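Welcome! Try each task by yourself, then follow the solution.

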Amino acid sequence: MILALNNVSKSFGTDVILENISFHIEEKEKVGIVGVNGAGKSTLFKIITGELSLDSGEVIMPKSGALGYFSQSLEIDSSKTIYGELLTVFEPVMLIEQQLRDMESQMAHTKGEELDRLMSNYSELSHKMEEMDGYSYQSRIRGVIKGLGFSDDESSQTINELSGGQKTRVALGKILLQAPDILLLDEPTNHLDIDSIRWLEDFLKSYKGAVVIISHDRYFLDRVIGKVIEIENRKAKEYFGNYSYYAEKKIIDREIAWHQYINQQKEIKHQEEVIKKLREFNREKSIKRAESREKMLDKMERIEAPENLPDKMRLSIKPLKESGNDVLSVNSLSMSFDSAPLFSNISFDIKKGEKVALIGPNGIGKTTLFRIILSKLEPVSGSVKLGSNVVIGYYDQEQSDLNLNKTIFDEISDTYPDLTVTQIRNVLAAFVFTGDDVFKTIDTLSGGEKGRVALAKIMLSKANFLILDEPTNHLDINSKEILEQALKSYEGTVLYISHDRYFINQTAQKIIELTKDKAVTYLGNYDYYMEKLEENKTEEKTQETVTETENKIDWKKQKEIQAQQRKKENQIKKLENEISETEDKITELDELLDTEEVYTNSMRSREVYEEKEALEEKLMILYEEWENINS
């Protein structure tokens, strides 16, 4: 056990945020903390770090345990370069490194006992350097810089020249390089593109310490964690599995809890009726029997009614009129700023009813492309053509079209003056703004609340072509699920930018990958896109191998390679069979975990889960072996 919380409670005034929260984290365990915005997840992290005091309970950590905390608002103010700032993590290592260099210089001019003493000290210091993994710190820094999406040129930029999002990435990099025993990461993927998120997944899966993550990125959680701690209605509940397992198990648990509550209420009502009847008989024996039943009823452990889930955003979008079949045509589009090229020769088409995700690394120009489509920017060359009867509804991730000085109600009523008070109230209620909430000013709202106001405006616009720039940013998981359902049932056309792969999987029918010199279209969701990327890599490797064979290898060498290839193919086949058998066994255990006899027996459930976890570790080793053979 590396961290434990026992009956932790926290209130702000009369507002109870957390109540009797208890759980523990094991060494090397990867855990996700989930819950709606405002559930108290970040508050929980601040209690663990000591930034906030708790009202009652205790937080237990080994005294020697190092803790690293990445918060959503963490930024760095420094005149150092990115590389220089990350280098500060290794100042103790560099001090030892300098001492070793000094010793080497001294040993070159020292003899006798003094040399023996220096060599002994040198050996001890070298061993300490190895224990600190000090000989690889420069390559580790370069790996983190590249993994978090910085180029070699950017690594020499000073911190004060960076944007807020870039500074946050540097702060994340420092914490990862510090390698504490426990990593607390609050929304670590918010400022990362998809490539960087994939890198972070791999980094955390192989991380030697414990990792506790607050995230609304369901795909990320599925890939990294093995346990979920849900914070809901002030309480905590543990689920032993990834996010998808938790989501399915939660539905079952809620149904079971509800049936248990209803059945107990029926039993209580029945006992109360029997007691009443026995007392009405008004005889000594009947009264004693009534009193006996009352005592049993008083001792009964009452099941609380499952609390209602927090309100969800209810979203329905229907175009006022249909567009033509050709919605958008982009032809040979190029864009640059101050003669610095951003992208060139971009071409693609979007048809009526399509749900399209635009992806690509940060800085490639996705938002710029949107602004060109919206006629807010002029391209260097190329053209953008909208089809007939196309009405655009634009969601700006910065919510720049919101007037911060207006109330929520006025923001809607001023934009759509023909709406009645009742109509506005109904629309805002669909986005969970009720009562006096509608009179809050925009500048007092959280990022998620501003996002819901912006989405409400889009809903009222009756647009038939939605252009959405990071629509899931700042939304909690419940709100994302509602938005997913709305977009899937939406009768118009959608083009959106998103780094949320789970969201893309749920909503996209087509993916357009933007690169510097082209736009590549994939007719499927994110998983399909990844499959095609792997296929393309395999084809490229095959072609490279063929070319090398044709140009460089003589007949005898070719025969040797063919023999090696057959051996390799046999190894691959054997590994693939073992992978298939292991995957089938994991599937069987997943199904077993969902059976009533297992999920109602915590000991059996834990045994099955641990067996499944062991098989998943074995599967990862098999995958690595398969990848090594195929590399």
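**Exercise 1. Find which residues Glu-354 touches, leaving out those up to four places away in sequence.**

Solution. Start by locating the residue in this predicted model: Glu-354 sits in the loop between β11 (340-351) and β12. Next, look for heavy atoms within 4.5 Å. With residues up to four places away in sequence left out, Glu-354 touches Asp-349, Thr-493, Val-494, Gln-509 and Lys-510. Finally, look at the side chains: those of Glu-354 and Lys-510 are joined by a polar contact of 3.0 Å.

**Exercise 2. Work out the order of the strands in the open sheet of 6 strands, and say which stand at the edges.**

Solution. Trace the sheet from one side to the other: the order is β14-β15-β16-β12-β17-β18, and the pairing is mixed. Now check the ends. β14 (392-395) and β18 (519-522) each have a single partner strand, so one side of each has no neighbour in the sheet. From one strand to the next, the twist averages 15°.

Zoom in on one pair to finish. β14 and β15 (residues 465-469) pair in the parallel sense over 4 bridges, and Gly-393 has Leu-466 in β15 as its bridge partner.

**Exercise 3. Describe how helix α12 packs with helix α13.**

Solution. First take the geometry: α12 (residues 408-415) and α13 (residues 421-430) pack at an angle of about 120°, with their axes 10 Å apart. That angle makes α12 oblique to α13. The crossing of α12 past α13 is right-handed.

Next, list the residues that meet: Ile-408, Phe-409, Ile-412 and Ser-413 from α12, and Val-421, Ile-424 and Leu-428 from α13. Sorted by class, this contact has 6 nonpolar, 1 polar and no charged residues.

**Exercise 4. Identify the strands that pair with β1, and the sense of each pairing.**

Solution. Begin with β2 (residues 15-25): β1 (residues 3-12) pairs with β2 in the antiparallel sense over 7 bridges. Here Val-8 has Ile-21 in β2 as its bridge partner. The two strands, β1 and β2, form a hairpin with 2 residues between them, and Gly-13 in the turn has a positive phi of about 65°.

Now turn to β4 (residues 56-60), which runs antiparallel to β1 and is joined to β1 by 4 bridges. In this pairing, the bridge partner of Ser-9 is Ser-56 in β4.

Definitions and conventions. Residues numbered from 1 in each chain as written. Predicted model: local features only at pLDDT ≥ 70, side-chain atom pairs only at ≥ 80, totals over all residues. Heavy atoms only, no water. Axes fitted to C-alpha atoms, helices over the stretch in contact; angles between N-to-C directions. Parallel < 35°, antiparallel > 145°, perpendicular 65-115°, else oblique. Left-handed = near helix turned anticlockwise from the far one by under 90°. Nonpolar A, V, L, I, M, F, W, Y, C, P; charged D, E, K, R; others polar. Pairing = 2+ DSSP bridges. Polar contact = N/O pair within 3.5 Å; in protein donor to acceptor, adjacent residues only side chain to side chain.
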